[in-house]
Amino acid sequence: MRANYRTVKGYGESEYVIQRSRFITFVMRVETEEEALDFINDIKKMHHTATHNCSAYMIGEHNDIQKANDDGEPSGTAGVPILEVLKKQDLKDTVIVVTRYFGGIKLGGGGLIRAYGRAASDGIAAAGTVECRQHFLMKVTVDYTWLGKVENEVRQSNYILDDINYMEDVDILLYVPIEDEETFIDWMNEITNGQAKISSITNKLLEFNI
């Protein structure tokens with residue numbers, strides 16, 4: 001089971017201009033290195049007349065895959081600053097491409113590092129970020145005499161109600177953070193005087209804006 005992690009919501013795009021150079025940032029959520037490389041190549045084709053298409057990506061639960069590419073900029077002044085932004089924000093499964101159209105004024109090594117770092121941060125902000133948290137989908141089965149109380153308590157709690165199935169008894173389905181499973185079970189037993197049947201159906205990653 002994968003631990004909780006942060007990533008981008010999806011696609012994002014931004015533009016930053018300094019000393020007449022345009023830095024256009026493209027951000028995407030990916031699951032594999034192949035997806036990251038495909039995204040980078042797509043941007044390169046789209047902006048084949050650009051001076052540089054610099055990139056970085058970080059993939060895997062333990063950031064197993066980390067790559068940075070300066071694409072012709074002085075070594076360490078483009079891809080690495082982009083990757084450092086990913087590391088600082090701890091964004092997994094994310095690829096960033098920063099396309100530069102040179103404006104005729106050199107920025108110097110320090111200026112490039114700041115520009116690419118700024119561009120990466122702007123692109124991430126445009127894409128938005130989420131935290132993916134592991135939850136159990138729990139099923140609470142009660143008879144109808146407990147329905148009103150249990151439903152009311154659940155709706156006032158921080159647990160996420162998924163569905164209520166009305167059959168011979170009532171099945172209440174809700175998402176519980178994996179670390180709260182025992183606390184949830186104790187709470188539900190207290191509410192129902194131990195009359196509820198509680199089981200875990202599956203686990204699922206839910207996304208929360210951050």
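How many of the 14 residues of strand S7 (residues 129–142) are buried, and is the strand enclosed or open?

Modeller: This is a predicted model, and what follows should be read as such. Of the 14 residues in S7, eleven are buried, so the strand is largely enclosed by the rest of the structure.

The strand pairings of S7 can be taken in turn. With strand S10 (residues 197–209), S7 runs antiparallel, and twelve bridges join the two. Within this pairing, arginine 133 has leucine 206 of S10 opposite. Strand S9 (residues 170–177) is also an antiparallel partner, with eight bridges to S7. There valine 140 faces isoleucine 172 of S9 as its opposite residue. Strand S1 (residues 5–8) is joined to S7 by four bridges, again in the antiparallel sense. In that pairing, cysteine 132 of S7 is the bridge partner of tyrosine 5.

As for side chains, in a regular strand they alternate between the two faces of the sheet. Arginine 133, the residue opposite leucine 206, has a relative accessible area of 29% and is therefore partly exposed, the class between the limits of 20% and 50%. Its side chain meets that of glutamate 131 in a salt bridge, at 3.5 Å from N to O. Glutamate 131 is also partly exposed, because its relative accessible area is 22%. Side chains of opposite charge can pair when their charged atoms come close.

The structure holds ten salt bridges, and another of them involves S10, the strand that twelve bridges join to S7. Here arginine 29 forms a salt bridge with glutamate 207, and the closest N and O atoms are 2.7 Å apart. Since arginine 29 belongs to strand S3 (residues 21–29) and glutamate 207 to S10, this pair ties together parts that are 178 residues apart in sequence. Arginine 29 counts as partly exposed, with 24% relative accessibility; glutamate 207 counts as partly exposed too, with 45%.

Strand S3 covers residues 21–29, and arginine 22 has a salt bridge of its own, in which its side chain meets glutamate 15 at 2.8 Å, N to O. The relative accessible area of arginine 22 is 33%, which makes this residue partly exposed. For glutamate 15 the value is 46%, and glutamate 15 is partly exposed as well.

Serine 55 has asparagine 69 of S5 opposite. The hairpin of S4 and S5 has five residues between the strands, and in this hairpin glycine 60 takes a positive phi near 110°.

The other is helix H1 (residues 33–46), where aspartate 38 is placed. Aspartate 38 is partly exposed, at 41% relative accessibility, and belongs to a negative surface patch together with Glu31, Glu34, Glu35 and Asp42. Leucine 37 is also in H1 and is partly exposed, at 39% relative accessibility. Its C-alpha atom is separated by 17 Å from that of leucine 86, a residue 49 positions away along the chain.

To return to the request: S7 is largely enclosed by the rest of the structure, because eleven of its 14 residues are buried.

Terms used
Residues numbered from 1 in each chain as written. Predicted model: local features only at pLDDT ≥ 70, side-chain atom pairs only at ≥ 80, totals over all residues. Heavy atoms only, no water. Patch = residues over 30% accessible without salt bridge, like charges linked within 9 Å, V, L, I, M, F, W, Y side chains within 5 Å. Areas by Shrake-Rupley, 256 points an atom, 1.4 Å probe, with all protein chains shown as cover. Salt bridge = Lys/Arg side-chain N within 4 Å of Asp/Glu carboxyl O. Lys, Arg positive; Asp, Glu negative; His and termini not counted. Charge placed at Lys NZ, Arg CZ, Asp CG, Glu CD. Buried < 20%, exposed > 50% of the residue type's maximum accessible area, 1.4 Å probe, protein only. Pairing = 2+ DSSP bridges.
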